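This report describes a single protein chain for a reader who has not seen it before. The sequence and the model come next, followed by notes on selected parts.

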Amino acid sequence: MIERTIFREEHEIFRQTVRRFVDREIVPFHAKWEEEGIVPRELWLKAGAAGLLCCTVPEEYGGMGLDYLFDVVVFEELWRSGASGPGFLIHTDLVATYVLSFGTEAQKRQWLPKMVSGEAIGSLGMTEPHAGSDLKAIRTRAVRDGDEFVVNGQKVFISNGQLCDFIVLATKTDSHAGAKGVTLFIVESDRPGFKRGRNLEKLGMKAQDTSELFFDNVRIPAGNLLGKEGKGFAQMMTKLSQERLAQAIRSATVTETVIDWTLQYTSERSAFGQKLADFQNTQFKLAELKTKAAVARVFTDKCIALFMEGKLDPVDAAMAKMFTSEVHCETVDECLQLFGGWGYMWEYPIARAYADARIVKIAGGSIEIMKTIIARQMYAQRGFDIQKNGSSS
(Lines give C-alpha, C1' and ligand atoms only; values in the text may rest on other atoms or scores of the structure.)
Protein backbone atom coordinates (compact mmCIF):
# COMPACT_ATOMS: atom_id res chain seq x y z
CA MET A 1 0.00 0.00 0.00
CA ILE A 2 1.10 3.58 -0.58
CA GLU A 3 3.08 4.84 2.39
CA ARG A 4 2.07 8.10 4.02
CA THR A 5 4.87 10.66 3.75
CA ILE A 6 3.52 13.86 5.32
CA PHE A 7 4.47 13.01 8.91
CA ARG A 8 7.94 13.25 10.43
CA GLU A 9 9.42 11.42 13.41
CA GLU A 10 8.26 14.05 15.90
CA HIS A 11 4.67 13.65 14.70
CA GLU A 12 4.78 9.89 15.22
CA ILE A 13 6.26 10.31 18.70
CA PHE A 14 3.43 12.71 19.50
CA ARG A 15 0.95 10.20 18.03
CA GLN A 16 1.99 7.64 20.62
CA THR A 17 1.41 10.19 23.38
CA VAL A 18 -2.04 11.01 22.02
CA ARG A 19 -2.92 7.33 21.59
CA ARG A 20 -2.00 6.58 25.19
CA PHE A 21 -4.09 9.51 26.38
CA VAL A 22 -7.10 8.41 24.32
CA ASP A 23 -6.80 4.80 25.50
CA ARG A 24 -6.46 5.86 29.14
CA GLU A 25 -8.72 8.90 29.50
CA ILE A 26 -11.40 8.50 26.83
CA VAL A 27 -12.05 4.96 25.57
CA PRO A 28 -12.96 3.40 28.97
CA PHE A 29 -15.54 6.11 29.68
CA HIS A 30 -16.98 6.90 26.27
CA ALA A 31 -20.00 4.58 26.53
CA LYS A 32 -21.00 6.30 29.77
CA TRP A 33 -20.64 9.71 28.14
CA GLU A 34 -22.87 8.56 25.30
CA GLU A 35 -25.58 7.77 27.82
CA GLU A 36 -25.13 11.17 29.48
CA GLY A 37 -24.91 13.06 26.18
CA ILE A 38 -21.83 15.02 27.21
CA VAL A 39 -18.18 14.64 28.18
CA PRO A 40 -16.97 16.09 31.50
CA ARG A 41 -15.13 19.41 31.63
CA GLU A 42 -12.32 17.60 33.43
CA LEU A 43 -11.45 15.85 30.18
CA TRP A 44 -10.75 19.20 28.54
CA LEU A 45 -8.39 20.17 31.35
CA LYS A 46 -6.58 16.84 31.09
CA ALA A 47 -6.32 17.19 27.31
CA GLY A 48 -4.93 20.69 27.71
CA ALA A 49 -2.35 19.54 30.22
CA ALA A 50 -1.31 16.77 27.83
CA GLY A 51 -0.84 19.25 24.96
CA LEU A 52 -3.71 17.96 22.81
CA LEU A 53 -5.59 21.25 22.36
CA CYS A 54 -4.78 24.00 19.85
CA CYS A 55 -1.31 22.71 18.97
CA THR A 56 -0.69 25.46 16.41
CA VAL A 57 -1.35 28.41 18.73
CA PRO A 58 1.89 30.41 19.05
CA GLU A 59 3.91 30.32 22.24
CA GLU A 60 3.19 33.98 22.93
CA TYR A 61 -0.46 33.02 23.47
CA GLY A 62 0.23 29.98 25.61
CA GLY A 63 0.49 27.38 22.85
CA MET A 64 3.31 25.28 21.51
CA GLY A 65 3.50 26.90 18.08
CA LEU A 66 3.57 23.55 16.29
CA ASP A 67 2.56 22.83 12.71
CA TYR A 68 -0.90 21.73 11.60
CA LEU A 69 0.10 18.07 11.45
CA PHE A 70 0.10 17.90 15.25
CA ASP A 71 -3.57 18.87 15.26
CA VAL A 72 -4.16 16.28 12.53
CA VAL A 73 -2.60 13.59 14.73
CA VAL A 74 -5.01 14.42 17.56
CA PHE A 75 -8.02 14.30 15.26
CA GLU A 76 -6.95 11.02 13.66
CA GLU A 77 -6.36 9.28 16.97
CA LEU A 78 -9.74 10.34 18.29
CA TRP A 79 -11.54 9.09 15.20
CA ARG A 80 -9.48 5.90 15.07
CA SER A 81 -10.63 5.02 18.59
CA GLY A 82 -14.27 5.66 17.74
CA ALA A 83 -14.37 8.56 20.22
CA SER A 84 -16.82 11.01 18.67
CA GLY A 85 -17.69 12.73 21.96
CA PRO A 86 -14.89 15.21 22.66
CA GLY A 87 -15.52 18.33 20.59
CA PHE A 88 -11.83 19.11 20.27
CA LEU A 89 -12.00 19.67 16.51
CA ILE A 90 -14.49 22.56 16.70
CA HIS A 91 -12.52 24.11 19.57
CA THR A 92 -9.08 23.72 17.99
CA ASP A 93 -9.56 23.76 14.24
CA LEU A 94 -12.23 26.42 13.96
CA VAL A 95 -12.78 28.59 17.03
CA ALA A 96 -9.10 29.05 17.86
CA THR A 97 -8.23 29.81 14.26
CA TYR A 98 -10.97 32.45 14.06
CA VAL A 99 -9.61 34.16 17.18
CA LEU A 100 -6.03 33.87 15.95
CA SER A 101 -6.82 35.12 12.45
CA PHE A 102 -9.27 37.92 13.19
CA GLY A 103 -9.01 38.72 16.89
CA THR A 104 -7.47 41.82 18.44
CA GLU A 105 -4.36 41.44 20.52
CA ALA A 106 -6.50 41.75 23.66
CA GLN A 107 -8.91 39.03 22.44
CA LYS A 108 -6.04 36.67 21.63
CA ARG A 109 -4.43 37.14 25.03
CA GLN A 110 -7.75 36.74 26.81
CA TRP A 111 -8.92 33.55 25.12
CA LEU A 112 -6.14 31.58 23.44
CA PRO A 113 -4.14 30.62 26.57
CA LYS A 114 -7.34 29.37 28.20
CA MET A 115 -8.27 27.44 25.07
CA VAL A 116 -4.85 25.76 25.03
CA SER A 117 -5.19 24.72 28.68
CA GLY A 118 -8.80 23.58 28.33
CA GLU A 119 -9.93 26.15 30.87
CA ALA A 120 -12.11 27.88 28.29
CA ILE A 121 -14.11 25.85 25.77
CA GLY A 122 -14.96 27.49 22.46
CA SER A 123 -17.99 27.04 20.24
CA LEU A 124 -19.00 28.28 16.79
CA GLY A 125 -22.49 29.76 16.46
CA MET A 126 -23.53 29.92 12.82
CA THR A 127 -26.38 27.54 11.96
CA GLU A 128 -29.95 28.63 12.67
CA PRO A 129 -33.28 26.75 12.42
CA HIS A 130 -33.95 28.27 8.99
CA ALA A 131 -30.34 28.85 7.83
CA GLY A 132 -27.86 26.02 7.47
CA SER A 133 -25.77 26.03 4.32
CA ASP A 134 -27.07 29.48 3.33
CA LEU A 135 -25.28 31.56 5.95
CA LYS A 136 -26.35 34.82 4.32
CA ALA A 137 -29.89 34.03 5.50
CA ILE A 138 -29.16 34.14 9.24
CA ARG A 139 -31.54 36.29 11.31
CA THR A 140 -29.69 36.70 14.61
CA ARG A 141 -29.36 40.48 14.94
CA ALA A 142 -26.70 42.62 16.56
CA VAL A 143 -27.78 46.25 16.86
CA ARG A 144 -25.37 48.94 17.95
CA ASP A 145 -26.33 50.91 21.05
CA GLY A 146 -23.58 53.38 21.88
CA ASP A 147 -20.46 51.46 22.80
CA GLU A 148 -22.35 48.17 22.89
CA PHE A 149 -24.22 45.81 20.60
CA VAL A 150 -27.50 44.17 21.57
CA VAL A 151 -27.87 40.62 20.27
CA ASN A 152 -31.16 38.81 19.68
CA GLY A 153 -31.74 35.49 17.96
CA GLN A 154 -31.10 31.79 18.20
CA LYS A 155 -28.75 29.11 16.93
CA VAL A 156 -29.15 25.36 16.59
CA PHE A 157 -26.96 22.26 16.13
CA ILE A 158 -24.13 23.98 18.03
CA SER A 159 -21.32 21.61 19.02
CA ASN A 160 -19.90 22.24 22.50
CA GLY A 161 -23.03 24.29 23.17
CA GLN A 162 -23.63 22.94 26.66
CA LEU A 163 -20.01 23.31 27.77
CA CYS A 164 -18.79 26.41 25.95
CA ASP A 165 -17.44 29.44 27.79
CA PHE A 166 -17.71 31.63 24.71
CA ILE A 167 -19.11 31.53 21.22
CA VAL A 168 -17.81 32.94 17.97
CA LEU A 169 -21.22 34.15 16.87
CA ALA A 170 -22.41 35.03 13.37
CA THR A 171 -24.93 37.88 13.36
CA LYS A 172 -26.58 40.35 11.02
CA THR A 173 -25.63 43.95 11.74
CA ASP A 174 -27.33 45.13 8.54
CA SER A 175 -30.33 43.05 7.51
CA HIS A 176 -30.49 44.72 4.08
CA ALA A 177 -26.86 44.18 3.03
CA GLY A 178 -26.92 40.44 2.39
CA ALA A 179 -23.52 38.85 2.88
CA LYS A 180 -22.01 42.28 3.59
CA GLY A 181 -24.28 42.65 6.61
CA VAL A 182 -22.83 39.65 8.46
CA THR A 183 -20.59 40.36 11.47
CA LEU A 184 -18.82 38.04 13.91
CA PHE A 185 -18.64 38.60 17.65
CA ILE A 186 -17.16 36.87 20.66
CA VAL A 187 -20.01 36.30 23.13
CA GLU A 188 -19.26 35.03 26.62
CA SER A 189 -21.70 32.41 27.90
CA ASP A 190 -22.15 34.12 31.28
CA ARG A 191 -23.71 37.29 29.84
CA PRO A 192 -27.28 38.12 30.93
CA GLY A 193 -29.79 37.13 28.30
CA PHE A 194 -27.77 34.19 27.00
CA LYS A 195 -29.50 30.85 27.50
CA ARG A 196 -28.59 27.31 26.56
CA GLY A 197 -31.46 25.28 25.20
CA ARG A 198 -31.75 21.53 25.39
CA ASN A 199 -28.91 19.18 24.65
CA LEU A 200 -30.19 17.81 21.36
CA GLU A 201 -30.76 14.07 21.00
CA LYS A 202 -29.03 12.96 17.82
CA LEU A 203 -28.86 9.88 15.62
CA GLY A 204 -25.14 9.53 16.32
CA MET A 205 -22.22 11.26 18.04
CA LYS A 206 -24.24 10.87 21.20
CA ALA A 207 -21.47 11.86 23.63
CA GLN A 208 -20.87 15.24 21.98
CA ASP A 209 -23.09 17.96 23.38
CA THR A 210 -25.04 19.70 20.63
CA SER A 211 -27.35 22.52 21.59
CA GLU A 212 -29.83 25.20 20.85
CA LEU A 213 -28.60 28.62 21.97
CA PHE A 214 -30.78 31.66 22.63
CA PHE A 215 -29.85 35.35 22.77
CA ASP A 216 -32.38 37.68 24.41
CA ASN A 217 -31.14 41.27 24.46
CA VAL A 218 -27.60 40.13 25.20
CA ARG A 219 -25.44 43.23 25.56
CA ILE A 220 -21.81 42.95 24.51
CA PRO A 221 -19.17 45.67 24.27
CA ALA A 222 -18.04 46.81 20.85
CA GLY A 223 -14.64 45.40 21.77
CA ASN A 224 -16.13 41.92 21.35
CA LEU A 225 -16.43 42.43 17.62
CA LEU A 226 -14.27 39.81 15.88
CA GLY A 227 -12.66 41.34 12.84
CA LYS A 228 -14.53 44.16 11.12
CA GLU A 229 -18.20 44.98 11.05
CA GLY A 230 -19.81 43.65 7.88
CA LYS A 231 -16.87 41.39 7.07
CA GLY A 232 -18.10 38.28 8.86
CA PHE A 233 -19.24 36.41 5.77
CA ALA A 234 -15.93 36.99 4.01
CA GLN A 235 -14.10 35.85 7.16
CA MET A 236 -16.15 32.66 7.31
CA MET A 237 -15.44 31.93 3.65
CA THR A 238 -11.68 31.99 4.33
CA LYS A 239 -12.10 29.11 6.80
CA LEU A 240 -14.29 26.83 4.71
CA SER A 241 -11.38 24.97 3.10
CA GLN A 242 -9.90 24.19 6.51
CA GLU A 243 -13.27 23.04 7.86
CA ARG A 244 -13.86 20.76 4.88
CA LEU A 245 -10.35 19.39 5.06
CA ALA A 246 -10.97 18.44 8.69
CA GLN A 247 -14.09 16.56 7.59
CA ALA A 248 -12.05 14.72 4.96
CA ILE A 249 -9.43 13.77 7.56
CA ARG A 250 -12.16 12.36 9.75
CA SER A 251 -13.78 10.35 6.97
CA ALA A 252 -10.50 8.97 5.61
CA THR A 253 -9.49 7.85 9.10
CA VAL A 254 -12.80 6.25 10.05
CA THR A 255 -12.98 4.46 6.69
CA GLU A 256 -9.60 2.82 7.28
CA THR A 257 -10.49 1.95 10.86
CA VAL A 258 -13.81 0.32 10.02
CA ILE A 259 -12.15 -1.81 7.34
CA ASP A 260 -9.59 -2.99 9.90
CA TRP A 261 -12.37 -3.95 12.34
CA THR A 262 -14.12 -5.88 9.60
CA LEU A 263 -11.00 -7.72 8.48
CA GLN A 264 -10.49 -8.88 12.06
CA TYR A 265 -14.11 -9.92 12.52
CA THR A 266 -14.43 -11.80 9.22
CA SER A 267 -11.17 -13.67 9.80
CA GLU A 268 -12.55 -15.01 13.11
CA ARG A 269 -16.28 -15.49 12.45
CA SER A 270 -17.51 -18.72 10.84
CA ALA A 271 -20.59 -19.48 8.75
CA PHE A 272 -21.52 -22.62 6.82
CA GLY A 273 -18.35 -24.39 7.90
CA GLN A 274 -15.85 -21.71 6.88
CA LYS A 275 -14.63 -18.30 7.91
CA LEU A 276 -16.43 -15.28 6.54
CA ALA A 277 -13.11 -14.24 5.05
CA ASP A 278 -13.17 -17.36 2.86
CA PHE A 279 -16.27 -16.18 0.98
CA GLN A 280 -15.56 -14.45 -2.29
CA ASN A 281 -18.25 -11.86 -1.53
CA THR A 282 -16.37 -10.81 1.62
CA GLN A 283 -13.08 -10.60 -0.25
CA PHE A 284 -14.52 -8.60 -3.15
CA LYS A 285 -16.39 -6.16 -0.90
CA LEU A 286 -13.37 -5.42 1.25
CA ALA A 287 -11.07 -5.18 -1.77
CA GLU A 288 -13.35 -2.54 -3.29
CA LEU A 289 -13.57 -0.60 -0.06
CA LYS A 290 -9.83 -0.78 0.56
CA THR A 291 -9.14 0.64 -2.89
CA LYS A 292 -11.50 3.56 -2.32
CA ALA A 293 -10.00 4.11 1.14
CA ALA A 294 -6.51 4.29 -0.36
CA VAL A 295 -7.63 6.85 -2.94
CA ALA A 296 -9.33 8.89 -0.21
CA ARG A 297 -6.23 8.79 1.96
CA VAL A 298 -3.80 9.82 -0.77
CA PHE A 299 -6.02 12.69 -1.90
CA THR A 300 -6.63 13.83 1.67
CA ASP A 301 -2.92 13.79 2.53
CA LYS A 302 -2.21 15.80 -0.61
CA CYS A 303 -4.80 18.36 0.50
CA ILE A 304 -3.21 18.51 3.96
CA ALA A 305 0.15 19.25 2.35
CA LEU A 306 -1.38 21.94 0.15
CA PHE A 307 -3.13 23.51 3.12
CA MET A 308 0.12 23.73 5.04
CA GLU A 309 1.66 25.52 2.04
CA GLY A 310 -1.28 27.93 1.88
CA LYS A 311 -2.29 26.51 -1.48
CA LEU A 312 -5.43 24.47 -0.77
CA ASP A 313 -8.05 25.53 -3.29
CA PRO A 314 -11.66 25.66 -2.01
CA VAL A 315 -12.76 23.43 -4.87
CA ASP A 316 -10.12 20.80 -4.06
CA ALA A 317 -11.28 20.93 -0.44
CA ALA A 318 -14.88 20.45 -1.60
CA MET A 319 -13.87 17.43 -3.70
CA ALA A 320 -11.99 15.92 -0.77
CA LYS A 321 -14.93 16.45 1.54
CA MET A 322 -17.45 15.08 -0.95
CA PHE A 323 -15.48 11.98 -1.96
CA THR A 324 -14.32 10.96 1.51
CA SER A 325 -17.78 11.52 3.01
CA GLU A 326 -19.39 9.25 0.44
CA VAL A 327 -16.71 6.56 0.87
CA HIS A 328 -17.08 6.84 4.64
CA CYS A 329 -20.83 6.22 4.55
CA GLU A 330 -20.53 3.43 1.99
CA THR A 331 -17.87 1.70 4.06
CA VAL A 332 -19.73 1.66 7.36
CA ASP A 333 -22.83 0.37 5.60
CA GLU A 334 -21.07 -2.43 3.73
CA CYS A 335 -18.95 -3.41 6.73
CA LEU A 336 -21.91 -3.50 9.10
CA GLN A 337 -23.55 -5.93 6.67
CA LEU A 338 -20.54 -8.24 6.99
CA PHE A 339 -20.95 -8.20 10.77
CA GLY A 340 -24.51 -9.47 10.34
CA GLY A 341 -26.86 -9.13 13.31
CA TRP A 342 -24.02 -8.32 15.68
CA GLY A 343 -23.26 -5.25 13.62
CA TYR A 344 -26.65 -3.85 14.62
CA MET A 345 -25.84 -4.12 18.33
CA TRP A 346 -24.80 -0.86 20.01
CA GLU A 347 -22.09 -2.69 21.98
CA TYR A 348 -20.17 -3.21 18.75
CA PRO A 349 -18.09 -0.24 17.55
CA ILE A 350 -19.33 -0.75 13.99
CA ALA A 351 -22.88 0.11 15.10
CA ARG A 352 -21.68 3.34 16.68
CA ALA A 353 -19.60 4.16 13.59
CA TYR A 354 -22.67 3.62 11.41
CA ALA A 355 -24.76 6.01 13.50
CA ASP A 356 -21.96 8.58 13.69
CA ALA A 357 -21.30 8.48 9.95
CA ARG A 358 -24.50 9.99 8.57
CA ILE A 359 -23.64 13.53 9.65
CA VAL A 360 -20.54 13.65 7.44
CA LYS A 361 -22.66 14.25 4.35
CA ILE A 362 -24.14 17.33 6.06
CA ALA A 363 -21.52 18.85 8.40
CA GLY A 364 -19.11 21.35 6.91
CA GLY A 365 -21.40 21.86 3.93
CA SER A 366 -23.75 19.29 2.47
CA ILE A 367 -22.76 16.94 -0.35
CA GLU A 368 -25.09 18.88 -2.65
CA ILE A 369 -23.30 22.15 -1.87
CA MET A 370 -19.93 20.49 -2.57
CA LYS A 371 -21.19 19.31 -5.95
CA THR A 372 -22.46 22.78 -6.78
CA ILE A 373 -19.08 24.35 -5.94
CA ILE A 374 -17.22 21.81 -8.07
CA ALA A 375 -19.60 22.16 -11.02
CA ARG A 376 -19.39 25.95 -10.98
CA GLN A 377 -15.64 25.84 -11.38
CA MET A 378 -15.83 23.22 -14.12
CA TYR A 379 -18.15 25.42 -16.18
CA ALA A 380 -16.28 28.61 -15.32
CA GLN A 381 -13.12 27.11 -16.80
CA ARG A 382 -15.02 26.85 -20.08
CA GLY A 383 -16.22 30.43 -19.86
CA PHE A 384 -19.78 29.55 -18.85
CA ASP A 385 -21.19 31.11 -15.70
CA ILE A 386 -23.93 28.82 -14.43
CA GLN A 387 -26.81 30.47 -12.61
CA LYS A 388 -26.28 30.57 -8.86
CA ASN A 389 -28.98 29.00 -6.72
CA GLY A 390 -28.31 31.06 -3.62
CA SER A 391 -26.17 28.53 -1.79
CA SER A 392 -23.06 29.58 0.11
CA SER A 393 -19.71 28.42 -1.21
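## Basis of the model

This is a predicted model, in which local features need pLDDT of at least 70 and side-chain atom pairs count only at pLDDT 80 or more, while totals for chains, interfaces and linings use all residues. Residues are numbered from 1 along each chain as its sequence is written, and side-chain values use heavy atoms, with hydrogens and water left out.

## Annotated regions

The UniProt record, in an unreviewed entry, lists "domain: Acyl-CoA dehydrogenase/oxidase N-terminal" at residues 9-119. Its positions are given in the numbering used here, feature names are shortened, and annotations may be inferred rather than shown by experiment. Over residues 9-119 the chain is 67% helix and 0% strand, and the end C-alpha atoms are 30 Å apart. Helices (H or I, at least four residues) and strands (E, at least two) are DSSP runs, numbered from the N terminus.

For residues 230-378, UniProt lists "domain: Acyl-CoA dehydrogenase/oxidase C-terminal", also from an unreviewed entry. Residues 230-378 are 75% helix and 3% strand, with 30 Å between the end C-alpha atoms.

Helix α3 spans residues 41-49, and its buried residues are Leu43, Trp44, Ala47 and Gly48. Buried means under 20% relative accessible area, exposed over 50%, and partly exposed in between (1.4 Å probe, protein chains only). Seen down the axis of α3, these buried residues fall within an arc of 135°, so they line one face of the helix. The arc is that of the directions from the helix axis to the C-beta atoms. The buried residues of α3 pack against α1 (9-25), α2 (30-36), α5 (88-102) and α6 (105-117); contact means heavy atoms within 4.5 Å.

Gly51, which follows α3, has a positive phi near 80°. Cys54 lies in the loop between α3 and α4 (68-80). Although Cys54 is not a glycine, its phi is positive, about 55°. Cys54 is buried, with a relative accessible area of 1%.

## Nonpolar cores

The largest nonpolar core has 64 residues, and those touching the most other members are Ile26, Tyr98, Leu124, Phe166, Val168, Met236 and Ile304. Such a core is a set of buried Ala, Val, Leu, Ile, Met, Phe, Trp, Tyr and Cys residues joined through side-chain atoms within 4.5 Å. Not counting residues up to four places away in sequence, Ile26 touches Phe21, Trp33, Leu43, Leu78, Ala83 and Pro86. A second, separate core of 23 residues includes Ile259, Leu286, Leu289 and Ala293.

## A buried lysine

Lys172 lies in strand β4 (residues 166-172). At 7% relative accessibility, Lys172 counts as buried. Leaving aside neighbours within four places in sequence, the contacts of Lys172 include Lys136, Ile138, Thr140 and Arg141.

## Aromatic rings

Rings of Phe, Tyr and Trp (its six-membered ring) pair if their centres lie within 6.5 Å; planes under 30 degrees apart count as stacked, over 60 as edge-to-face and the rest as tilted. By this rule there are 13 aromatic pairs. One of them, Phe339 with Tyr348, is edge-to-face, at 6.2 Å centre to centre and 80° between the planes. Phe339 counts as buried at 7% relative accessibility, whereas Tyr348 counts as partly exposed at 23%. Tyr265, Phe339, Trp342 and Tyr348 form one aromatic cluster.
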